[in-house]
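Thanks for coming. I will go through a few local features, one at a time. Please look at the sequence and the model first.

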Amino acid sequence: MLYFECDYMEGAHPEVLRRLVETNMEKTLGYGTDAYCEEAREKIRAACGAPEADVYFLAGGTQTNALVAYSFLKPCQGMISPVTGHVNHHESGAVEATGHKVIALPASEGKLSVAAVREYIESYWADENYQHIVEPGMVYLTHPTELGTLYTLPELTEFSELCRKYRIPLYVDGARLGYALASDANDISLLDLARLCDAFYIGGTKCGAMFGEALVVTNRNFVGDLFSIIKQRGAMTAKGRLLGVQFSTLFTDGLYAGICRNAIETASMLVDILRSKGYGFLAYPVTNQLFVIMEDSKVDSLRKSVSFSLWERLGDGRSVVRFVTNWATIREDVARLGELL
């Protein structure tokens with residue numbers, strides 16, 4: 001079998017694994033208070049150009065999103081998300097289980113528009129009955145989006161200005177942030193995210209770590225004691241140093257950026273193969289997720305040899321399937337997939 005199902009099928013990058021083994025028998029304090037976590041925090045702050053930022057390490061993306069919703073939102077507030085957003089349809093209602101509604105707005109190729117968000121917020125405050133309606137209390141974006149597309153720096157800047165006007169946090173889910181940063185089509189940096197967002201997270205699980213995400217909070221005005229809230233919500237890892245070691249390694253000598261670039265290069269190779277064979281795409285491919293339109297008969301045949309996601313049945317004898325590359329994808333597998341296609 002060839003595996004293009006998702007970007008977290010392998011364990012960890014060998015250098016991350018080496019450092020975990022190398023430090024395995026050391027005794028450290030728990031709950032992220034160890035020297036490795038502090039070292040990782042300083043490296044992330046430096047990479048983001050945000051020396052005052054708070055950095056928290058959590059085990060996974062769903063826990064991080066749910067924690068942000070619970071801790072940043074007031075009881076009567078909800079989180080604005082594109083209808084295709086991960087919090088809206090791929091997290092089993094984790095955000096809503098915290099007591100906060102996901103306010104899903106239409107999206108184009110996975111992206112929210114500033115105009116749609118502005119219209120929704122303005123309509124809410126113009127409604128005489130607004131106190132009976134869930135208040136828009138946060139804007140949630142993903143970079144890259146669920147369809148592998150990217151926001152532009154001007155778009156992110158507009159979102160930031162809008163959120164600051166209405167005094168609500170702008171939060172970016174960065175589960176695949178490494179692949180966005182590595183894309184030739186990207187013009188948003190870690191410095192931009194730290195400058196324009198109130199919080200965002202740097203994905204590790206899908207980008208070379210064994211597990212783990214790094215939540216970066218640049219605006220403390222929306223949240224209280226996150227350490228206690230993380231503990232209370234069951235999102236804290238006792239052996240926190242396992243996360244610190246991984247992120248310290250990923251942010252040493254450009255490793256994070258370097259390994260994520262492999263996903264973009266192998267995805268680009270696969271895009272060229274698919275185009276040469278006449279396949280089209282649901283969204284223009286610029287990162288490591290490729291949404292390919294394929295005849296149902298070919299989908300069924302290919303599944304005998306290749307692991308990939310069936311994204312959507314189009315109802316006309318065709319379907320949208322998703323191929324995903326990552327930091328560990330090898331070119332020989334991409335070439336083999338091309339032969340099977």
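S309 counts as buried because its relative accessibility is 12%, where buried means under 20% relative accessible area, exposed over 50%, and partly exposed in between, with a 1.4 Å probe and protein chains only. This is a predicted model, in which local features need pLDDT of at least 70 and side-chain atom pairs count only at pLDDT 80 or more, while totals for chains, interfaces and linings use all residues. Residues are numbered from 1 along each chain as its sequence is written, and side-chain values use heavy atoms, with hydrogens and water left out.

Back to S309. Strand β12, residues 309-313, contains S309; strands here are DSSP runs of E, at least two residues, and helices are runs of H or I, at least four, numbered from the N terminus. Leaving aside residues up to four places away in sequence, S309 touches E5, V320, V321 and R322, a contact being heavy atoms within 4.5 Å. From its side chain to the backbone oxygen of E5 is 3.4 Å.

Next, Y3. Is Y3 buried or exposed? Y3 is exposed, at 52% relative accessible area, and sits in strand β1, residues 2-3.

Last, helix α2. α2 runs over residues 35-48, 14 residues in total. Its buried residues are Y36, C37, A40, R41, I44, R45 and C48. These pack against several elements, among them α1 (14-22), β2 (54-58) and α10 (241-250). At the N-terminal end, D34 caps α2, with a side-chain oxygen 2.9 Å from the backbone nitrogen of Y36. After α2 comes G49, with a positive phi near 65°.

Notes
Expected span 1.5 Å × (residues − 1). Polar contact = N/O pair within 3.5 Å; in protein donor to acceptor, adjacent residues only side chain to side chain.
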